[in-house]
Amino acid sequence: MDKFDIIGEMFRTARDNGWAFCAGDDFHQNIAATDETMEYGQLVLAVDFNCTPTFLNSRVPAISYSGSIALGRKFDDDGTPADLDETFWDKYQRRLLDLQQQLALFIGTFECTHALNVVSAEFVMTINRFDTNIDFVVCNITIEQV
């Protein structure tokens, strides 16, 4: 992965996996999620990062990225949509538990593939996000690239 291109690499990974992709702050992610046509069972990867480069003798030997990686789903494989009428328990059983497991696998694979170091990670379940009511598991994360 090129330095400073973590979002571009996540975009390429999402598209290679057949996932929808949203990047930037909530406003821009909402626009992308609303414009995306989502298939049954399709995952949605949403990312937003800040970066802190380390400068040494006119070089950037390391970058720390902090922000969020979210994995969500609008429709289950059977076509059941995430919506406001579901209870949290419904959402947990239908989507959230599986999304936690898939997000952990994605982060671990991405870290290994790109020789990154995950410094910290916190998972948060976020339901009915955006105008499309997508259920997400969000990882607030700090990643180092050397």
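Student: How do you know that Trp 89 and Tyr 92 are separated by about one helical turn?

Tutor: They are 3 residues apart in helix 3, so about one turn separates them. Helices here are DSSP runs (H or I, at least four residues), strands are E runs of at least two, and both are numbered from the N terminus. This is a predicted model, where local features need pLDDT of at least 70, side-chain atom pairs need 80 or more, and totals for chains, interfaces and linings use all residues. Residues count from 1 along each chain as its sequence is written, and side-chain values use heavy atoms, without hydrogens or water.

Student: Why is Trp 89 called exposed?

Tutor: Its relative accessible area is 51%, and exposed means over 50% (buried is under 20%, partly exposed in between; 1.4 Å probe, protein chains only). Tyr 92, with 23%, is therefore partly exposed.

Student: What makes Phe 11 and Phe 21 an edge-to-face pair?

Tutor: The whole structure holds 8 aromatic pairs. In this one, the centres are 5.3 Å apart and the planes 75°. Rings of Phe, Tyr and Trp (its six-membered ring) pair within 6.5 Å between centres; over 60 degrees is edge-to-face, under 30 stacked, the rest tilted. Phe 11 is in helix 1 and Phe 21 in strand 1, so the pair ties together parts 10 residues apart in sequence. Phe 11 is partly exposed at 36%, while Phe 21 is buried at 9%.
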